[in-house]
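User: I've got a protein model open and I'd like to learn how to read it. Can we go through it together?

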Amino acid sequence: MTQVTEAFDMTVQHTGDSSAVLAVAGDVDLHTAPILRDRALAVVEEGAAHVVLDMAQVGFVDSTGLSALITLMQAAHGAGGSLRLAEVPDRLSRMISITGISQLMPVHATVADALAGQATDGQPDRTGGRTGVPD
């Protein structure tokens, strides 16, 4: 019996000089996670250091998908940017929470909320630190 992976697609919408929204559709698993990782890393390398992943059309994310997101997060941070997730499936939201990476990879209810949060990345917060920037 052959297992069929749901079709995977990703579209990119640049929302500013250094930001982009990547809309992901389909499952992010062993077969599709490398595609997501490679395409998203190319977007960061082309200058969009602030990335929002719109996960509204994602049905399933396994551990290889989470690993791809962590790689993308590290690349975005390395480029002086950020990775934010929007409309995340419940299972992925739980994985992010359990692993403790939600501080570095914030989850938002909508793309608009994620973009609004991006606007504060790197700005001084009230405690004198910087929001959205890992120490």
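This is a predicted model: local features need pLDDT of at least 70, side-chain atom pairs count only at pLDDT 80 or more; totals for chains, interfaces and linings use all residues.

User: Which residue forms a salt bridge with Asp-38?

Analyst: Side chains of opposite charge can pair when their charged atoms come close. For Asp-38, the closest N and O atoms of the pair are 3.2 Å apart, and the cut-off is 4 Å.

User: Are helix 1 and helix 2 roughly parallel or roughly antiparallel?

Analyst: Look at helix 1 (residues 33-45) and helix 2 (residues 63-78): their axes come within 9 Å and cross at roughly 10°. Angles under 35 degrees count as roughly parallel. So helix 1 and helix 2 are roughly parallel.

User: How many nonpolar residues are in the contact of helix 1 with helix 2?

Analyst: On the helix 1 side you'll find, among others, Leu-36, Ala-40 and Val-44, while the helix 2 side includes Ala-68, Leu-69 and Leu-72. The contact also has 3 polar and 1 charged residues. The nonpolar count is 10.

User: Now helix 4. Within what arc do its buried residues fall?

Analyst: The buried residues of helix 4 (residues 111-118) are Val-111, Ala-114, Gly-117 and Gln-118. Seen down the helix axis, they line one face of helix 4, because they fall within an arc of 120°.

User: Which strands do those buried residues pack against?

Analyst: Picture the buried residues of helix 4 and check what they touch. They pack against strand 2 (19-25), strand 3 (50-57), strand 4 (82-86) and strand 5 (107-108).

User: And Thr-110, is that buried, exposed or partly exposed?

Analyst: Thr-110 sits in the loop between strand 5 and helix 4. Leaving out residues up to four places away in sequence, Thr-110 touches Ala-86 and Glu-87. Its relative accessible area is 30%, and buried means under 20% while exposed means over 50%. That makes Thr-110 partly exposed.

User: Last one: what share of the protein's residues count as buried?

Analyst: The protein has 135 residues in total. The share that count as buried is 44%.

Conventions
Residues are numbered from 1 along each chain as its sequence is written. Side-chain values use heavy atoms; hydrogens and water are left out. Buried means under 20% relative accessible area, exposed over 50%, partly exposed in between (1.4 Å probe, protein chains only). Helices (H or I, at least four residues) and strands (E, at least two) are DSSP runs, numbered from the N terminus. The arc is that of the directions from the helix axis to the C-beta atoms. Contact means heavy atoms within 4.5 Å. A salt bridge is a side-chain nitrogen of Lys or Arg within 4 Å of a carboxyl oxygen of Asp or Glu. Axes are lines fitted to C-alpha atoms, for helices over the stretch in contact, and angles run from 0 to 180 degrees between N-to-C directions. Angles under 35 degrees count as roughly parallel, over 145 as roughly antiparallel, 65 to 115 as roughly perpendicular and the rest as oblique. Ala, Val, Leu, Ile, Met, Phe, Trp, Tyr, Cys and Pro count as nonpolar, Asp, Glu, Lys and Arg as charged, and the others, Gly among them, as polar.
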